[in-house]
Amino acid sequence: MTLLVHVITNTEDLNRIENRWNDFVRENSENPIFLCDFVKEFMNLNLSRGQRSLILSFLEDKKLIGFAPLTVNVRLNIVGIEFLFALHYSPDIIIKEEAKSQALKKLTSILFDALNCKFADLVFPLESRSLSALEEACRSSKAYFRTYLTPEYGHRILPVKLSWYEFEKLKAEEEKKRA
């Protein structure tokens with residue numbers, strides 16, 4: 001079986017798979033914020049703020065087996081990733097357990113290699129079942145991974161492909177270019 005990644009960047013693409021999407025959410029998550037109508041609302045909200053939505057849906061034999069609802073932010077020509085939803089909505093990456101490792105390795109490859117993302121600031125709820133698999137995927141792709149506890153929301157992770165010193169240097173170079 002081959003794992004495919006389908007990139008969803010607009011609500012029209014999400015409309016095409018709405019029934020399959022909602023069925024998957026009802027089977028694999030207790031959080032209604034992942035239902036299609038809510039996702040579309042957040043996509044439109046982020047678009048109005050000048051942010052691009054990036055929902056990576058994972059398919060195996062044309063069947064939806066998971067998704068990662070993300071937002072792409074570009075500041076000073078540095079690409080960053082956050083969850084599509086705000087912290088208090090308990091955002092997460094929802095993937096069937098048997099495909100989680102492979103899907104998260106593809107996710108880190110897409111983010112850090114294809115998109116040249118420099119950091120991903122993803123806040124997970126304490127009950128997330130994706131956190132340990134994501135940590136392993138980051139190690140495999142040599143992305144820095146860090147967790148720290150935030151009392152009000154749970155775990156927060158920050159995988160980065162460069163050191164803080166390199167990040168600050170890159171940021172300073174970008175600011176010089178803008179000046």
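Predicted model: local features only at pLDDT ≥ 70, side-chain atom pairs only at ≥ 80, totals over all residues.
A disulfide is a pair of cysteine sulfur atoms within 2.5 Å.

**Exercise 1. Cysteines**

Determine how many disulfides the structure holds, and decide whether Cys 36 is buried or exposed.

*Solution.* Step 1: applying the definition above, the structure holds zero disulfides. Step 2: a residue is buried when its relative accessible area is under 20%. Cys 36 has a relative accessible area of 0%, so it is buried. Step 3: Cys 117, with a relative accessible area of 1%, is buried by that criterion.

**Exercise 2. Confidence**

State the mean pLDDT of the protein chain, and find where pLDDT stays under 50.

*Solution.* Step 1: the mean pLDDT of the protein chain is 82, and 83% of its residues reach 70 or more. Step 2: over residues 154–159, pLDDT stays under 50. Step 3: for this stretch the model has 41 contacts beyond four places in sequence.

**Exercise 3. The surroundings of Leu 14**

Locate Leu 14 in the secondary structure, and identify which residues it touches beyond four places in sequence.

*Solution.* Step 1: Leu 14 lies in helix H1, which comprises residues 11–16. Step 2: its relative accessibility is 0%, so Leu 14 counts as buried. Step 3: setting aside residues up to four places away in sequence, Leu 14 touches Ile 8, Trp 21, Cys 36, Val 39, Lys 40 and Met 43. Step 4: Leu 14 and Asp 37 are 23 residues apart in sequence, and their C-alpha atoms are 9.4 Å apart in space.

**Exercise 4. The two sides of helix H3**

*Solution.* Step 2: the buried residues of H3 are Cys 36, Val 39, Lys 40, Phe 42, Met 43 and Asn 46. Step 4: they pack against E1, H1, helix H2 (18–28), E2 and E3. Step 5: the face turned away from the buried side carries the exposed residues Glu 41 and Ser 48. Step 6: just after H3 comes Gly 50, with a positive phi of about 85°.

**Exercise 5. Helix H4**

Check the span of helix H4 against expectation, and name the elements against which its buried residues pack.

*Solution.* Step 1: the 15 residues of H4 (residues 100–114) should span 21 Å at 1.5 Å a residue; the end C-alpha atoms are 20 Å apart, which agrees. Step 2: buried in H4 are Lys 100, Ala 103, Leu 104, Leu 107, Thr 108, Leu 111 and Phe 112. Step 3: because they cover an arc of only 145° around the axis, they lie on the same side of H4. Step 4: their packing partners are strands E1 (3–8), E2 (52–60), E3 (63–75), E4 (78–83) and E5 (94–95), together with helix H5 (131–140). Step 5: H4 is followed by Asn 116, whose phi is positive, near 55°.

Definitions and conventions
Residues numbered from 1 in each chain as written. Heavy atoms only, no water. Buried < 20%, exposed > 50% of the residue type's maximum accessible area, 1.4 Å probe, protein only. pLDDT = per-residue confidence, 0-100. Contact = heavy atoms within 4.5 Å. Helix = DSSP H or I, 4+ residues; strand = E, 2+ residues; numbered from the N terminus. Expected span 1.5 Å × (residues − 1). Arc of directions from axis to C-beta.
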